[in-house]
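Work through the following exercises with the sequence and coordinates open. Each task is followed by a stepwise solution.

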Amino acid sequence: MKKTYYSENSGNELFTLFGSTKYRKRDVYRHHTHTQIELGYIVEGTGEYVLEGKRFDIRAGDLFLVRPNEQHCVPTITSDTLVSFNIHLSPLYIWRGLSDYIEAGRLNCLVRSDIAVSARVRGNPEVIALVESVRAAFAEDDRFALRRLVPTLLFELAKTFPATEGAVGSALHLGDIRAAIRFIEENLPEHMTLDDIARAGNMSKSHLNEWFRTVTGMTPYEYLLVSRVERAVELLRATDMTVLAVSEACGFSN
């Protein structure tokens with residue numbers, strides 16, 4: 001079951017939670033990326049995880065941090081099954097909800113793929129206990145507990161990273177970037193330029209490039225491309241549309 005939780009006050013998306021079971025020799029695993037931050041927790045099973053070309057052995061209790069636009073894949077499963085629990089979070093949720101409690105330099109580590117951190121958390125009892133608590137609350141659909149536990153998990157995870165330089169802008173910048181992202185997502189089939197996106201966010205192109213990467217970990221063009229690929233994958237899985245029709249619906253010209 002996959003479920004997205006929203007703020008009752010603002011209606012903003014908070015996070016998406018889901019479990020996944022993969023089978024040895026049955027599935028084909030390909031590298032993929034997405035616009036959101038992913039926390040992938042290994043519930044049971046063994047195998048290999050590849051993240052940005054780096055290979056990790058995996059076992060129960062491992063937690064992987066995948067930042068926006070990082071290529072990742074499970075190419076090998078050595079047990080009969082591999083069961084994982086996944087948390088997807090928008091970078092906007094990170095900055096909007098946690099910037100008052102976690103230093104910006106540590107939040108950067110959760111969002112920016114150009115900052116080198118350990119992608120695998122292993123043997124940290126505080127972090128693992130919190131992940132298990134999130135799993136239990138998800139199983140019970142306890143949204144009130146989840147709204148408390150997920151930020152606490154992120155806080156504990158951020159503590160494992162070194163503080164780096166750099167900070168996000170004011171709440172105004174978050175609002176502008178959110179407007180730019182909304183424009184991209186609502187107009188994926190259309191041709192759009194950097195000028196169009198900047199205009200939607202009420203920013204100059206230079207400010208758009210600066211703050212968009214700070215907040216999302218990607219340039220506007222990268223975000224646009226990954227969003228189109230994500231939408232195409234959804235349509236190919238859920239509909240009987242032809243590849244050509246999907247390409248046109250997602251803004252690909254060839």
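**Exercise 1.** In which loop does Gln 36 lie? Classify Gln 36 as buried or exposed, and list its contacts.

Solution. The model is a predicted one.
- Step 1: Gln 36 belongs to the loop that lies between β2 (13-23) and β3 (37-44).
- Step 2: The relative accessibility of Gln 36 is 15%, and buried means under 20%. Gln 36 therefore counts as buried.
- Step 3: Setting aside neighbours within four places in sequence, Gln 36 touches Glu 13, Val 66, Arg 67, Pro 68, His 88, Leu 89, Ser 90 and Pro 91.
- Step 4: With Glu 13, the side chain of Gln 36 makes a polar contact of 3.1 Å.

**Exercise 2.** Give the strand order of the open sheet of six strands, and identify the strands at the edges.

Solution.
- Step 1: The order is β1-β2-β8-β3-β6-β9, and the pairing is antiparallel.
- Step 2: β1 (2-6) and β9 (120-121) each have a single partner strand, so one side of each lacks a neighbour in the sheet.
- Step 3: β9 runs antiparallel to β6 (residues 63-66), and two bridges join them. Leu 63 has Val 121 in β9 as its bridge partner.

**Exercise 3.** Describe how α7 and α8 pack.

Solution.
- Step 1: Helix α7 (residues 205-216) meets helix α8 (residues 220-238) at an angle of about 60 degrees, and the axes are 9 Å apart.
- Step 2: The two helices are therefore oblique to each other.
- Step 3: From α7, Leu 208, Asn 209, Phe 212 and Arg 213 meet Pro 220, Glu 222 and Tyr 223 of α8.
- Step 4: The residues of this contact comprise four nonpolar, one polar and two charged.

Definitions and conventions:
Residues numbered from 1 in each chain as written. Predicted model: local features only at pLDDT ≥ 70, side-chain atom pairs only at ≥ 80, totals over all residues. Heavy atoms only, no water. Axes fitted to C-alpha atoms, helices over the stretch in contact; angles between N-to-C directions. Helix = DSSP H or I, 4+ residues; strand = E, 2+ residues; numbered from the N terminus. Parallel < 35°, antiparallel > 145°, perpendicular 65-115°, else oblique. Contact = heavy atoms within 4.5 Å. Nonpolar A, V, L, I, M, F, W, Y, C, P; charged D, E, K, R; others polar. Pairing = 2+ DSSP bridges. Buried < 20%, exposed > 50% of the residue type's maximum accessible area, 1.4 Å probe, protein only. Polar contact = N/O pair within 3.5 Å; in protein donor to acceptor, adjacent residues only side chain to side chain.
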